[in-house]
Amino acid sequence: MQDQAERLRQLVGKLNSSPVKERAESSFSNCRVITITSGKGGVGKTNLSVNFALSMASRGKNVLLFDADLGLANVDVMLGMIPKYTLLNVLNGQKTLQEIILEGPGGIRLVASGSGGVQELADLNETQRGRFLEALLDLQKQSDVILIDTGAGLHPNVLAFVLAAEEVVIVTTPEPTALMDAYGMIKILYREKQNPLITVVVNMASNQAEADEAGKKLVILSKRFLDLEIKYLGFVPRDPAMIRAVREQKPVLISAPLCPAAVSLGNLSDQLLSGKDPRAEGDLINFFKKVTQIFGVKNKR
Ligand SMILES: Nc1ncnc2c1ncn2[C@@H]1O[C@H](COP(=O)(O)OP(=O)(O)O)[C@@H](O)[C@H]1O
Ligand SMILES: [Mg+2]
């Protein structure tokens, strides 16, 4: 493992001075890379990711949804799509990234993950890595927003994606266990990243008061114990239409656009778009370089 991590560091070092880097800098876009995660599982990350993607696309944004939940790759399931190829086929050299991109509803594009992706990413040889980064560069040029749906919690696979991200949306429910796990994730981001850009969304709230209490609790805890400013964006109500939407494999923004959850999701997505922090630099190439680098280091520990 130590060898592998060392090899990765050397690779990243080389890539930093490669033509890929120069091209990345010369074609730097305004693309935002937003990672959606949580402390606890099943809190609604995938539903939020998919519906945010749809809502942003409806605002004319070019959106790419990247499924990075390597355990339960389910963005495609949520959209009722059956991907023939996934990121794994790209990493194995069987397909190019462009070839596996699926056209989803509402004009969004989707990269399905397949399981095991980060490990494979860490194992790429230099040529493969170069090719992968070149493909990311293209993706970045073609996109205004890239949303990355991750798994939950403290697994190294998830952490690599979260720690590599400039912008992190943490999803929680109002339940104490979910809140504590969300705070656990915030603490890790605080420890491992300088000045992390964290936005919290409370999902499945019974009402505004319950949601606001939960959201504000996280803001206050972070300020008091970490001296960290995080943003509470708002909430999505618990809504049976969301459960139906998942069952029908049709995002709620399409199947029930006027239901309370869909209206909230639209508003939150607009806020996310308009409330861009100047620190959100959105460099997809650096993001994936960091993912592999962090993954290598985490594996070594
Ligand atoms: N606002 C909501 N109201 C009601 N049920 C919801 C809501 N959001 C999510 N759910 C339910 O929670 C389940 C888990 O959501 P999902 O997005 O898959 O979570 P995660 O990606 O965090 O594991 C969904 O299948 C759905 O039934
Ligand atoms: Mg999910």
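Predicted model: local features only at pLDDT ≥ 70, side-chain atom pairs only at ≥ 80, totals over all residues.
Strand 1 and strand 6, the latter spanning residues 167-172, pair in the parallel sense. Four bridges hold this pairing.

Now look at strand 1 itself. The strand covers residues 32-38. Seven of its seven residues are buried. Arg32, Ile34, Ile36 and Ser38 point one way. Val33, Thr35 and Thr37 point the other way. Both sets are buried.

On one side stand Glu167, Val169 and Val171. On the other stand Val168, Ile170 and Thr172. Both faces of strand 6 are covered.

Step from strand 6 to strand 7. The two run parallel, and six bridges join them. Here Val169 stands opposite Thr199 in strand 7.

Return to strand 1 and go to strand 5, which spans residues 145-152. These two strands also run parallel, joined by six bridges. Val33 has Ile146 as its bridge partner in strand 5. Strand 5 pairs with strand 2 (residues 63-68) as well, in the parallel sense and over six bridges. There, Val63 has Val145 as its bridge partner.

Eight strands form it, in the order 3-4-2-5-1-6-7-8. The sheet is open, and its pairing is mixed. Strand 3 (102-103) and strand 8 (231-237) are the edge strands, each pairing on one side only. Helix 14, residues 260-274, packs on the sheet and touches strand 7 and strand 8. The direction of helix 14 makes about 160° with that of strand 8.

Step back to the whole chain. It has 15 helices and eight strands. Of its 301 residues, 48% count as buried. Consider contacts with a separation of 6 or more: residues 24 or more positions apart account for 78% of them.

The largest nonpolar core has 87 residues. Ala53, Leu65, Leu147 and Ile148 have the most contacts inside it. Take Leu65 as an example. Its contacts, leaving aside neighbours within four places in sequence, include Val50, Ala53, Val75, Ile108, Leu110 and Leu147. Ser49, Gly104 and Asp149 are also in contact with Leu65.

Next comes ligand 1. Around ligand 1 there are 18 residues. Gly44, Lys45, Thr46, Asn47 and Met242 come nearest. Helix 3 (45-58), strand 7 (197-205) and helix 12 (240-248) each supply at least two residues of this shell. By class, the shell has eight nonpolar, seven polar and three charged residues.

Is Lys45 buried or exposed? Lys45 counts as buried, because it has 25 C-beta neighbours inside 10 Å, and 20 or more are needed. Leaving aside neighbours within four places in sequence, Lys45 is in contact with Ile36, Thr37, Ser38, Asp149 and Val171. Thr35, where this tour began, is ten residues from Lys45 in sequence. Their C-alpha atoms are 10.0 Å apart in space.

End with Gly106, in the loop between strand 3 and strand 4 (109-111). Why is Gly106 partly exposed? Within 10 Å of Gly106 there are 17 other C-beta atoms. A buried residue needs 20 or more and an exposed one has 12 or fewer, so a count in between is partly exposed. Gly106 and Leu54 are 52 residues apart along the chain. Even so, their C-alpha atoms are separated by 6.1 Å. Leaving aside neighbours within four places in sequence, Gly106 is in contact with Leu54, Ala57 and Ser58.

Definitions and conventions: Residues numbered from 1 in each chain as written. Chains lettered and ligands numbered in written order. Core = buried A, V, L, I, M, F, W, Y, C linked by C-beta atoms within 7 Å. Contact = placed C-beta atoms within 7 Å. Pairing = 2+ DSSP bridges. Near = placed C-beta within 6 Å. Nonpolar A, V, L, I, M, F, W, Y, C, P; charged D, E, K, R; others polar. Axes fitted to C-alpha atoms, helices over the stretch in contact; angles between N-to-C directions.
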